[in-house]
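Please read it alongside the sequence and the structure shown here.

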Amino acid sequence: MTSLTLFEPDLDEAGPVTSSSGGLAPAEVASTAALESFRATKHKSLNFGLGVDSTALTLAIINDPAAFGIAKDFSDFSIVTAMTGFEFPDTIADVENHVLPLLREKGIRYTQVARAGRPDSAGVEVLSDTTNPGKVFSRGPWTLMDEMEENGTVPQYAGGHACSQKHKAFSIERLQLQRSGGQTVGKLFGYNADEYKRAAKANKFQAQRNKKAGYETFALDYPLLRLGWGREDVQGYVKDRLGIDMAKSYCPVCPFSGVCSPQPDHLKRLRKYPGLAARVLRLEYLAMALNDNMSLYKEDTLFRRVTDDQNTEALGQFNARLDEETWAVYRLRRAYTPGRRPECKTAHGDRCTKPECRDSSIKGTVYRSVETVRTGSRTEVGAFLHNAATALNRPVEHFTKAHGVGIDRVHTRVRPDSKTYGTVEDFYVTAPAGVQDKARDGFADVWAAMTAGQWAPSPLREEMTTRTLSPAAYDKLTATVARDTGDRRTAALWSHATALARHAHEHGLAPADDRPPGPDGLLKSLESLAACHPALAPLADPAVLPLWEQPLGSAAWTTIEEFWDRHPALEDEHRVDGYVLGDTYQLLSDEARKGRALCQTPPWVARLLLRLSLEPAIEEWGPADVRMIDPACGTGHIAVAAFHMARVPPIRGRRSAPVGHGPRAVERALAAVSGVDLDAYAAALTAYRLLACSASVLGVSLDRVPASLPVNVAAADSLLDRTEPLLAAGAYHACVANPPYITPKDPAIRDQVRAAYPQVAAGKYSLALPFTALMLEHLAVPGGFVAQLTANSFMKREFGKRYITEFLPRFDARWIIDTSGAYIPGHGTPTCILVHRARPPVGDTVTVIRGNRGEPHVPQDPARGLVWRAIEDAVDSRLAWDRFQAGANLAWRGGGPTT
């Protein structure tokens with residue numbers, strides 16, 4: 001073997017090189033023949049991994065290209081990066097600030113490429129190909145995390161660097177083979193002297209590829225290995241040249257993260273980027289819910305390491321993600337086939353299937369099937385699983401040994417032990433949603449053969465676990481209690497106040513552990529809750545809750561208690577934000593439902609409205625200053641969703657999110673959110689729900705929530721009341737509402753509203769139109785975002801003519817989304833979503849999502865109905881395109897046109 005000093009002009013001045021690994025590269029990875037083969041290629045390329053090793057090699061090539069057999073004008077050389085889509089932001093920043101300027105100066109061609117989709121047949125997408133690079137693209141169309149989250153797995157320690165082969169090698173080699181025209185391409189790798197095993201593996205794989213192709217596709221070379229440069233050497237070289245301590249580039253989800261970077265350094269980076277850490281923690285939890293052995297590290301979890309590191313911000317954001325995102329109940333089935341005896345492989349070759357050649361102590365192929373049974377909030381799927389356990393006559397097992405957060409499962413088949421093969425397991429588990437239904441090829445046949453003749457419960461079905469009460473049941477309760485109280489309104493309030501008090505006690509929010517019995521006990525509970533915070537005072541106000549003036553008999557009380565005993569939502573321990581409390585008030589009170597058109601906004605609709613309004617408002621004005629209002633807040637579905645978004649704002653680019661838990665985060669979120677409603681009890685319920693969320697985040701009961709924390713909720717007529725402070729002019733960066741669609745029945749009120757909003761309140765107008773004017777003309781700051789779910793009747797009737805032709809054209813329309821074909825429970829009126837900015841029109845483009853057809857049938861889960869998912873996909877695509885354009889414009893301004 002010949003040892004070569006490749007960039008000796010620099011090294012001569014620096015003195016002899018000392019390798020941190022203690023020697024030069026072994027011959028099998030750095031032979032003279034390999035070097036000659038590389039230098040003979042007409043085009044040479046550097047696989048640039050963005051980290052310190054490949055940066056050191058890049059700097060050395062730029063300084064003396066001839067030492068690497070590269071033309072001085074770099075005409076035979078290019079640099080290529082495969083974007084996995086999950087890189088530390090500081091790595092990207094270092095490359096953009098220190099490496100790209102050098103490439104621009106030298107005119108070196110730099111290509112960024114990524115997988116175009118999950119299957120190899122989707123090919124690759126070139127994100128940038130220029131000699132004047134100004135930006136590192138953080139992701140492409142399909143990323144490593146996309147794949148991991150769809151599979152419900154983490155990268156496997158035993159799999160070596162298979163994920164790198166799929167998301168890096170595949171993308172780069174597919175591109176280079178397309179460009180090579182059948183000629184051999186020289187490839188430089190930045191493996192340092194501590195990574196010679198990786199180089200040996202790369203050589204092995206390349207020899208196989210060459211054999212398959214029939215010619216030498218790539219000639220590989222490892223200059224850092226030839227020099228014997230270890231990690232300390234390359235870090236010192238980069239420090240000398242760029243003046244920065246550049247970190248190693250690796251995916252935060254890499255199981256080798258303790259090797260790619262020393263574990264203390266890795267944990268330090270996770271402290272720096274808690275939102276990124278939270279996403280990896282979420283993936284690990286999801287993977288371990290499906291498989292206890294699927295921790296990120298070989299014999300340890302990232303969750304334990306982050307916990308031991310006391311990274312409370314990452315853990316807080318992780319727990320917030322679990323609470324706020326959609327969950328699923330999955331059915332997992334695995335068939336563990338026995339492996340072949342060693343003597344069988346010798347005697348019978350590779351394809352023997354004889355049962356007598358199998359040994360139950362040897363692991364064979366594992367066949368897996370995963371199916372999504374149900375999706376919903378964490379509360380909903382938790383209740384579903386507990387009901388499933390009853391239906392299947394199985395216990396709910398809460399596992400905390402594998403993962404500290406705990407995992408709930410219901411087993412229908414259990415393996416006798418983990419070392420016996422020829423066995424199966426079958427269980428239901430709750431975990432974050434998103435894993436795609438999938439079964440390994442041949443699963444059905446293997447499963448049928450291995451379970452033949454075995455008894456097992458029938459597969460779980462929706463009807464086996466449904467305990468949700470029908471609207472008729474609520475109506476019957478109100479009618480029964482009304483025979484005691486004398487009117488339905490008071491009956492509804494007695495019924496609902498009982499549910500509210502139960503909610504507070506069963507979630508540990510009430511100031512006392514005991515719940516006094518009977519109607520008098522309920523009144524004492526309400527008085528106790530009202531004393532917890534000034535915003536809860538209406539709960540003890542007879543003008544809001546006339547319970548003290550209309551006592552309840554024992555028979556009616558028993559009816560109410562038995563009703564809530566059967567109500568599943570109040571039994572779940574995970575959520576405390578009271579979504580079901582809001583929905584049940586709508587069902588119980590026909591006065592609110594029919595007289596004031598109270599109709600709750602489902603959480604998935606609220607999330608979309610806020611994505612198009614509050615989220616961009618946070619980006620524009622910042623999470624510390626942004627304010628939003630729902631002037632028709634009802635029982636607070638939109639306000640609660642806005643609270644969570646304001647508390648843990650979405651993270652984009654390299655901007656770090658504020659802390660998502662603790663008193664300051666709660667205070668910031670409460671200050672950001674306002675709500676007003678005509679129904680005093682609905683407004684009080686909104687205030688309770690916001691405080692319940694706050695207490696849950698802080699880990700305290702309601703009486704421990706500081707009275708100084710603001711709760712901006714009021715009972716007032718938003719359209720006509722100009723004395724209410726929360727309705728001050730120009731106070732809000734985002735106005736979001738699902739206003740009533742009815743025409744006022746009281747002639748006096750109808751005329752007052754018409755006089756106050758003459759441009760929109762024409763003829764037999766819908767109240768939704770004056771609410772639009774209220775938000776755009778009065779409540780929003782200049783340029784503020786206004787989003788609403790509203791009836792589309794104004795498009796078809798005479799009262800909407802002036803609204804369409806004279807009023808709306810004065811404002812900057814951003815989105816018009818046809819939701820009339822989507823199934824939105826409780827909304828029988830066809831609807832649409834309108835998003836405007838409170839300013840004159842800018843540009844001539846409005847994004848319109850037009851409906852072609854409705855749902856073919858009522859979806860089991862409305863949030864995943866075909867029409868609603870199509871709407872969300874269209875919104876995602878448009879937002880992604882807008883972000884791409886913004887990034888492209890920024891790159892153009894920073895670096896000029898591409899070549």
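## Cysteines

A search of the whole structure finds 0 disulfides, a disulfide being a pair of cysteine sulfur atoms within 2.5 Å. The model is a predicted one, in which local features need pLDDT of at least 70 and side-chain atom pairs count only at pLDDT 80 or more, whereas totals for chains, interfaces and linings use all residues. Residues are numbered from 1 along each chain as its sequence is written, and side-chain values use heavy atoms, with hydrogens and water left out.

The cysteine sulfur closest to that of Cys352 belongs to Cys344, and at 3.6 Å it is too far for a bond. Cys352 is buried at 9% relative accessibility, where buried means under 20% relative accessible area, exposed means over 50%, and partly exposed lies in between (1.4 Å probe, protein chains only). Cys532 is also a buried residue, with a relative accessible area of 9%.

## Overall architecture

The secondary structure of the protein chain consists of 33 helices and 20 strands; these are DSSP runs numbered from the N terminus, with helices being H or I of at least four residues and strands being E of at least two. Of the 899 residues in the chain, 55% count as buried. The chain exposes about 38300 Å², of which carbon and sulfur atoms supply 51%, the accessible areas coming from the Shrake-Rupley method with a 1.4 Å probe and, for residues, with only the protein chains shown counting as cover.

Among contacts between residues at least 6 apart in sequence, 76% join residues at least 24 apart, a contact meaning heavy atoms within 4.5 Å.

## Salt bridges

Side chains of opposite charge can pair when their charged atoms come close. The search of the whole structure finds 38 salt bridges, each defined as a side-chain nitrogen of Lys or Arg within 4 Å of a carboxyl oxygen of Asp or Glu. Glu149 forms one of them with Arg279, the closest N and O atoms being 3.1 Å apart. Because Glu149 lies in helix α5 (residues 144–151) and Arg279 in helix α12 (residues 274–290), this pair ties together parts that are 130 residues apart in sequence. Glu149 is buried, with a relative accessible area of 15%, while Arg279 counts as partly exposed at 21%.

A salt bridge of 3.2 Å, N to O, also joins the side chains of Arg489 and Glu591. Arg489 belongs to helix α20 (residues 488–506) and Glu591 to helix α24 (residues 590–595), so the pair ties together parts that are 102 residues apart in sequence. Both partners are partly exposed, Arg489 at 35% relative accessibility and Glu591 at 31%. Elsewhere, Asp300, Arg304, Arg305 and Asp308 are linked in a network of salt bridges.

Arg115 meets Asp120 in a side-chain salt bridge with an N to O distance of 2.6 Å. Arg115 is buried, with a relative accessible area of 1%, whereas Asp120 is partly exposed at 39%. The backbone nitrogen of Arg115 also lies 3.4 Å from a polar atom of the side chain of Ser171.

Ser171 is found in helix α6 (residues 162–180) and is buried at 0% relative accessibility. Leaving aside residues up to four places away in sequence, Ser171 touches Ala82, Val113, Ala114, Arg115 and Val124.

Ser525 has its place in helix α21 (residues 518–530) and is buried, with a relative accessible area of 5%. A polar contact of 3.4 Å joins its side chain to that of His505; such a contact is a pair of N or O atoms within 3.5 Å, and within protein one must be able to donate a hydrogen and the other to accept it, with residues adjacent in sequence counting only if both atoms are side-chain atoms.

In helix α27 (residues 637–647), 11 of the 11 residues are buried, so this helix is largely enclosed by the rest of the structure. Its buried residues include His637, Phe643, His644, Met645 and Arg647.

## A nonpolar surface patch

Met795, Ile804, Ile816, Val846 and Val848 form a nonpolar patch on the surface, with about 380 Å² of accessible area together. Patches are made of residues with over 30% relative accessible area and no salt bridge, like charges being joined within 9 Å and nonpolar side chains (Val, Leu, Ile, Met, Phe, Trp, Tyr) within 5 Å.
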